Amino acid sequence: MFVRIWGARGSISASEEDKAVYGGHTTCIEIRADERLLIVDAGSGIRNLGNSILREKKSANADIFLTHTHLDHIVGFFMFAPFYRKENTFRIYGPSSRSGQKTKDALDSVFSPDYWPIGLSGIVAAVKWNDIEEGAYDIGGGLTVKTLFLEHPAPTLGYRFEHGGKSVALVFDHESYAPGNAKVISFLQDADFVAFDSQYTEEEYYNGKQGWGHSSFEGAIETTEKAGVKKTLLFCHHDPDRTDKELAILEKKYTKQSNIKNVYAAKENAVYEV
Ligand SMILES: [Zn+2]
Ligand SMILES: [Zn+2]
């Protein structure tokens, strides 16, 4: 499998020059498994992914997994150009909101005409919506998707994709110091590649960020090491105020503190082989 980062920022996009290396777009991750294209989240990064798909000049057929409906994870949804080509097909998955609202209806209400000009009826590609819960789903092509509700103020799914004996897991947005983290440790057991919410340092977390639904670098390392993750840990959902310089220092510091073979801070446009 291949993983490509189109957006690694959390909370809000950041376009300042001193954030251009790790990138300012909010979360969007592309996963390729043989011929299959999987997309996780529709943050502002999905716009560039959409344009890259159009440049491939073939019809697109992909599965889009939304972790939750907080704005930083859906803000790019209607800027995904392949939605406006009728030859394309998408299957979209997401959890129901706390009020029981389905993902499709939640998007419809957030992007109502008062807040956005084009609604779901403007999409011309074939789209099938799937509301999912915790469990394991066979999505064909030898791909299994496992899901787990994370510790976050909105119902938020962590995803684990398994294909050809390899596994890629994405855990954001998630607060690792909350009690539900024990479940996350089993969910991540022996995964090959884990992208984990690391919005804060532990010091920042205990300085007024408790209950905000995010983890620290320390929490990411502790959780993945307890889960027996050995190959790759990717810090992601970077704080929007964190500069490239600061992220590079933190990346170096926490790489040294971890026993995992490859530890990186997620960088926009970076591609990782799993
Ligand atoms: Zn977020
Ligand atoms: Zn969130």
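Predicted model: local features only at pLDDT ≥ 70, side-chain atom pairs only at ≥ 80, totals over all residues.
## Overall fold

The protein contains 7 helices and 14 strands. Its radius of gyration is 17 Å, close to the 19 Å that the globule rule gives for 274 residues, so the protein is as compact as a globular protein of that length. The C-alpha trace spans about 50 × 40 × 40 Å along its principal axes.

Of the 274 residues, 46% are buried. Residues 24 or more positions apart account for 68% of them.

## The seven-stranded sheet

One open sheet has 7 strands, in the order E6-E5-E4-E3-E2-E1-E14. Its pairing is mixed. Strand E6 (126–131) and strand E14 (271–273) are the edges, and each pairs on one side only. Neighbouring strands are turned by 20° against each other on average, direction ignored.

Strands E4 (residues 61–65) and E5 (residues 89–94) are parallel and share 5 bridges. Here Ile 64 stands opposite Ile 92 of E5. Strand E1 (residues 2–7) pairs with E2 in the antiparallel sense, over 5 bridges.

Strand E2 covers residues 28–33. It is mostly covered, with 5 of its 6 residues buried.

E2 and E3 form a hairpin with 2 residues between the strands. Asp 34 in this hairpin takes a positive phi near 50°.

## The nonpolar core

The largest nonpolar core holds 65 residues. Ile 29 and Ile 31 are among those with the most contacts inside it, together with Val 171, Val 194, Ala 195 and Phe 196.

Leaving aside neighbours within four places in sequence, Val 171 is in contact with Leu 150, Gly 158, Val 184, Leu 188, Val 194, Phe 196 and Asp 197. Val 194 and Phe 196 are themselves listed with the most contacts in the core.

Helix H3 runs over residues 103–110. Thr 103, Ala 106 and Leu 107 are buried in this helix. They cover an arc of only 95° around the axis, which puts them on the same side of H3. The buried residues of H3 pack against helix H2 (71–74) and against strands E5 and E6.

Conventions: Residues numbered from 1 in each chain as written. Chains lettered and ligands numbered in written order. Helix = DSSP H or I, 4+ residues; strand = E, 2+ residues; numbered from the N terminus. Rg over C-alpha atoms; globule rule 2.2 N^0.38 Å. Buried ≥ 20, exposed ≤ 12 C-beta atoms within 10 Å, placed from the backbone. Contact = placed C-beta atoms within 7 Å. Pairing = 2+ DSSP bridges. Axes fitted to C-alpha atoms, helices over the stretch in contact; angles between N-to-C directions. Core = buried A, V, L, I, M, F, W, Y, C linked by C-beta atoms within 7 Å. Arc of directions from axis to C-beta.
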